[in-house]
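Subject: Structure for your files, with notes

Dear colleague,

Please find the structure below, followed by my notes on what turned up when I went through it.

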Amino acid sequence: MGPRSSRARARWTRLASGRVPALLALLLASEIVYAALAFLDATSGVVAVSRFLIVMLVLFMLYAGAVALVTRGIEQNGLTIIVAGAILFRLTLLPAGLPPTMTTAERIDALSHDVRGRAVAFERFLLYDHDLWRFLWEGHVSSHGRSPYRFAPADPRLDGLDDEGRGDSWELIRSRVNNSELTSVYPPLAQLLFVFSHAIAPASVVVFKSIVVLIDLAAIGVMVAILRLLGRPPEQVVLYAWNPLVVKVFAGSGHFDVLVVLALAVLLHAVLVRSRWVAALAFAGSVMAKLVPIVLLPLVLVRIGWRRASIVLVPCFVILAAIAAASTLSGVSAFGREWEFNAGVYALLRFWIGDAQIARLACAGAFAAIALLLLRRDDRSFDAFAVLGSLILGALLLLSPVVTPWYVTWLLPFALVARHSSWFVFTALVCLAFVVMVDGREYPLVQILEYSLLGIILLREIRVSSFALFQPASRLRPVAISPTIERSHP
């Protein structure tokens, strides 16, 4: 190595080392903003919702700074700082939803009562989200031998379950369940999570959210392992670990979609190291948590084989069929036929066509065509699996009648590996969906802004990256496989 090379390396080391204090500064600034978010009063109205969106915007700006630092290269404990920040941010948002007027002593006392199930201290909205109340109630119902697929929360036959010597906790939780006239739409693995949380601490919001956070941290660990196997800096996990939407929907609001994120991360890892049985089990787990990953079945089949797929998936389908046979399916039916929220292409088609059902069929047909087009580019490599998986899940979201902010998290393990930055930008844009909390109405101009900006970013990425749909798989932008990993066909 010549003197010039030595000087260049020394200069790069100094620059990279200098970024560590900057990353620490971003961690501290982000923590201050997350603390403000945890004390936010999630009420309706222009002022309150605007305050929430401004706080999220500031968090995304700090997040963008951290991503820029890591992208340029960072040494000396960079990963340690990122993991520490990920843990700290999530712990900070665990109490989100407690009344902001509480003193520190009152908050500690409220959390103690929550863990013991003595009283519901949290307000209805946990950072503009209240799905967690249904999770707690369905875990309670299942733990008493009743099926949430058969008994809707408002069913009078469940009246005896809202009084168990815990004050008015269960009565209050039951009253906060959204769409209480509908039965559950959540698959069995999600129900197991609800029951598990109930077994540890019935009626506890903070315990449920803590379990979700632990699963989220496990997903981060799997993503770090994937990046190392690919020969990429593990610090790139900051794209997921410090993502404000991820922190908000899991630590702040307690969404169980974290099960899908973990299962898909494990699936990616298993496909990378060619552990086919683990891949089969991870894929089955993702389907039993949310059903949506079933769209990845063709990609998974060619990598795990029909025999493994049959052994693992057939029992899953039998369980789902048995549940369907014993259920009223009122929730599933309503979701499939009626529910609409923050839609992109679907909303545009419905406006043009004037018929919701025709628009749904048109979007289903468009998704099938795009998926088939993408699957023809599959060369059975890990590169193609990551890229095509990201694209297929992304197309499904863009064409769906329902696009809630937490749905975008499903894409992130694939987007991280495939280097599809558009989906990480989408995590910021999709926060505009919370404008609905102003007065319970959706504003078309907000959806136009959200999806127009995403469309511009996607078109740019199509031009410069592996998003191009009409090029063969051999020309997809590679995902930098480590030389220690074989890239042969399974």
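Helices (H or I, at least four residues) and strands (E, at least two) are DSSP runs, numbered from the N terminus. This is a predicted model, in which local features need pLDDT of at least 70 and side-chain atom pairs count only at pLDDT 80 or more, while totals for chains, interfaces and linings use all residues. Residues are numbered from 1 along each chain as its sequence is written, and side-chain values use heavy atoms, with hydrogens and water left out.

Overall picture

The chain has 21 helices and zero strands. Of its 490 residues, 53% are buried, where buried means under 20% relative accessible area, exposed means over 50%, and partly exposed lies in between (1.4 Å probe, protein chains only). The accessible surface of the chain is about 20900 Å², and carbon and sulfur atoms hold 65% of that area; such areas come from the Shrake-Rupley method with a 1.4 Å probe, and for residues only the protein chains shown count as cover. Among contacts in the chain with a separation of 6 or more, 77% join residues 24 or more positions apart, a contact being heavy atoms within 4.5 Å.

The nonpolar core

In soluble globular proteins, nonpolar side chains tend to be buried together. A nonpolar core is here a set of buried Ala, Val, Leu, Ile, Met, Phe, Trp, Tyr and Cys residues joined through side-chain atoms within 4.5 Å. The largest one has 164 residues, and those touching the most other members are Leu-37, Leu-93, Trp-242, Leu-267, Leu-296 and Phe-426. Helix α8 (residues 205-229) gives the largest share of this core, with 15 residues.

If neighbours within four places in sequence are left aside, Leu-37 is in contact with Phe-52, Val-55, Met-56, Leu-59, Leu-93 and Leu-127.

Helix α11

Helix α11 covers residues 258-273, and its 16 residues should span 22 Å at 1.5 Å a residue, which agrees with the 23 Å between its end C-alpha atoms; the expected span is 1.5 Å times one less than the number of residues. Because 12 of the 16 residues of α11 are buried, this helix is largely enclosed by the rest of the structure. The buried residues of α11 include Val-258, Leu-264, Leu-267 and Leu-272. Just after α11, Arg-274 takes a positive phi of about 60°.

Pocket and cavity

On a 1 Å grid over the protein atoms alone, a cavity is a set of points where a 1.4 Å probe fits but cannot get out, and a pocket is an open set with protein on both sides within 12 Å along at least five of seven lines; lining residues have an atom within 4 Å of a point. Grid points are joined across faces, edges and corners, and a volume is the space filled by probe spheres set on the points.

The second largest pocket has a volume of about 690 Å³. Its lining has 25 residues, and Phe-60, Tyr-63, Phe-424, Val-425 and Ala-428 lie nearest its centre. Two or more lining residues come from each of α2 (46-72), α9 (238-241), α19 (412-418) and α20 (421-429), with α2 giving the largest share, 10 residues.

There are three cavities of 30 Å³ or more in the structure. The second largest cavity has a volume of about 60 Å³, and the residues lining this cavity include Phe-341, Asn-342, Glu-442, Tyr-443 and Gln-447.

Some partly exposed residues

Ala-366 is found in helix α17 (residues 356-375) and is partly exposed, with a relative accessible area of 28%. Between Ala-366 and Ala-395 there are 9.2 Å in space, C-alpha to C-alpha, at 29 residues apart in sequence. Asp-109, in helix α4 (residues 104-116), counts as partly exposed at 42% relative accessibility. Asn-179 sits in the loop between α6 (169-175) and α7 (188-200), where its phi is near 50°, a positive value in a residue other than glycine; at a relative accessible area of 28%, Asn-179 is partly exposed.

With best wishes
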